Amino acid sequence: MGEKVVAGGFDLSDRQRYRDKLRRCLAGLERLLAEKRFDRPKNLVGLEIELNLTGADGMPKMLNGQVLERIASRDFQTELAMFNLEVNIAPHRLDGRVFDRLTEELRTSLAYADRKAAEVDAGIVMIGILPTLDRDDLVSSNLSEVDRYTLLNDQIVAARGEDFSLDIDGVEHLSCTSKSIAPEAACTSVQLHLQVTPARFADVWNAAQAVAAAQIAVGANSPFLFGRELWRESRPPLFQQSTDTRPPELQAQGVRPRTWFGERWVTSAFDLFEENLRYYPALLPICDDEDPLEVLDKDGTPTLAELVLHNGTVYRWNRPVYGVADGVPHLRVENRVLPAGPTVVDVVANAAFYYGLVRALAEDSRPVWTRLPFEAAAANFDAACRHGIEARLTWPRRGRYGGTAEVDAVTLVRDELLPLAEAGLDAWGIEPVDRDLYLGVIEERCRRRQNGASWQAATFHRALDGGLARDAALAATTRRYRELMLKGDPVHTWPVGLPDPVPAA
């Protein structure tokens, strides 16, 4: 990729060659599936968290290069903008006290990163969208100094052919334009990985799609952007609009966005990879020398590099992932729904809820996706993003009569989904003490109707009512958020409002 950047981009033949290579990769994937070459299940899970850097005043700091140099760990990497970092936790086996182990590892890693950030007068904030971000912070000059980000930005901008339009109508209305994909960097998320067999992939992916709205409802943590209060989880509309390669004419024709929920339940992982080739032109048509079909003919394992690269430029909220470990191919479902934060305990509680719920629903004798129209699942996702913990969702009725009904998200989670998640965690072999602790966090959020988004909004309005100007209220809310994040108690316990007096910037 670096050579391509230096050479000045792609020529006209690159895209055709890449398309041909993608087709050979897809044929290779089909053969691997038919020949049952994939790794046996190991119940492995992985976790990635995107982070923000701020100063003592709560404002973003464009210092990720300096902070990463001091951290000096492969567990931490750059993200899209200079105020972003990402931490990766090594795969764990999903059993026993895994959630306590994840909590301890995350606390240790984030505390270390925060100490290193302090050496350049910065600190870590784990939040969906940093409330103090300004439009001037999200410009191309603040993208991380990494070739792949520059190249991706250039290709998406070229594909769109005009400024990006951001238009989100929530509690308040935001309408503005951007000349780059930099606003995407505002979206900091948690990615949960689950390795599955090909036979189970469709059930797990469908289950993950069905519960995405419930994940957002209880986990929303992104109510502000550019000083405006928008949706309770504003990342999805922001991500879609800031990476949208479609000018208005293509949108009117029904061309699909590169960031999307999807449009149907699937029967195989192949369905999703094939859709990616059928619907989306290449953004990064970079070919390597491997011929996947020749590798298969020699009983080797192809990397399917072009397929993997192309898949990485289609931003599904539940993404299929092909990988190779120790020469053996495997499939994962990557859940990209959740915002980062508020605390390590909250992140791990969200993960426990997801892994338990997906296990139970994927093994249900009457799968939820056979009783819930896909259009309803997509509408649920939209409703949860807009309204967070106050959302109302459509869900299959229990009992003999069938059909669907509209229900409060908190009622659905407490009465139906938490018992399912509990059964799912039991099936994974999670110790009851871990199960009860982390699912109890989700239950308490529902009981108190407080998650990260509702706390941020309530604290911001309390600050406004106390006489602070809007910008000062957002900065004070951010500083208080970081203080409580570092303390570590889950967000449902956080007192609304600012300490008196407001900490100085």
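Predicted model: local features only at pLDDT ≥ 70, side-chain atom pairs only at ≥ 80, totals over all residues.
Contact here means heavy atoms within 4.5 Å.

Two packed helices are described by the angle between their axes and the distance between the axes. For helix H14 (residues 409-428) and helix H15 (residues 432-448), the angle is about 175 degrees and the axes lie 10 Å apart. Angles over 145 degrees count as roughly antiparallel, so H14 and H15 are roughly antiparallel to each other. On the H14 side, the contact is made by Val410, Val413, Arg414, Leu418, Ala421, Glu422, Leu425 and Asp426, which meet Arg435, Leu439, Ile442, Glu443, Cys446 and Arg447 of H15. By residue class, this contact comprises 8 nonpolar and 6 charged residues, with no polar ones.

Asp434, Arg435, Tyr438, Leu439, Val441, Ile442, Arg445 and Cys446 are the buried residues of H15. Their cover includes H14 together with helix H4 (98-118), helix H6 (198-219) and helix H12 (344-362).

Just after H15 comes Arg449, with a positive phi of about 50 degrees. This residue sits in the loop between H15 and helix H16 (452-465). Arg449 has a relative accessibility of 32% and therefore counts as partly exposed. Leaving out residues up to four places away in sequence, Arg449 touches Ile389, Glu390, Asp408, Val410, Glu444 and Ser454.

Phe353 belongs to the largest nonpolar core, which has 153 residues; Leu29, Ile49, Phe99, Phe353 and Tyr355 are the members that touch the most others. A second, separate core has 5 residues, among them Phe460, Ala463, Ala473 and Leu474.

Helix H6, part of the cover over H15, also carries Gln209. With a relative accessibility of 1%, Gln209 counts as buried. Apart from neighbours within four places in sequence, Gln209 is in contact with Phe261, Trp265, Asn318, Phe374 and Ala377.

Definitions and conventions. Residues numbered from 1 in each chain as written. Heavy atoms only, no water. Core = buried A, V, L, I, M, F, W, Y, C linked by side-chain atoms within 4.5 Å. Buried < 20%, exposed > 50% of the residue type's maximum accessible area, 1.4 Å probe, protein only. Axes fitted to C-alpha atoms, helices over the stretch in contact; angles between N-to-C directions. Helix = DSSP H or I, 4+ residues; strand = E, 2+ residues; numbered from the N terminus. Parallel < 35°, antiparallel > 145°, perpendicular 65-115°, else oblique. Nonpolar A, V, L, I, M, F, W, Y, C, P; charged D, E, K, R; others polar.
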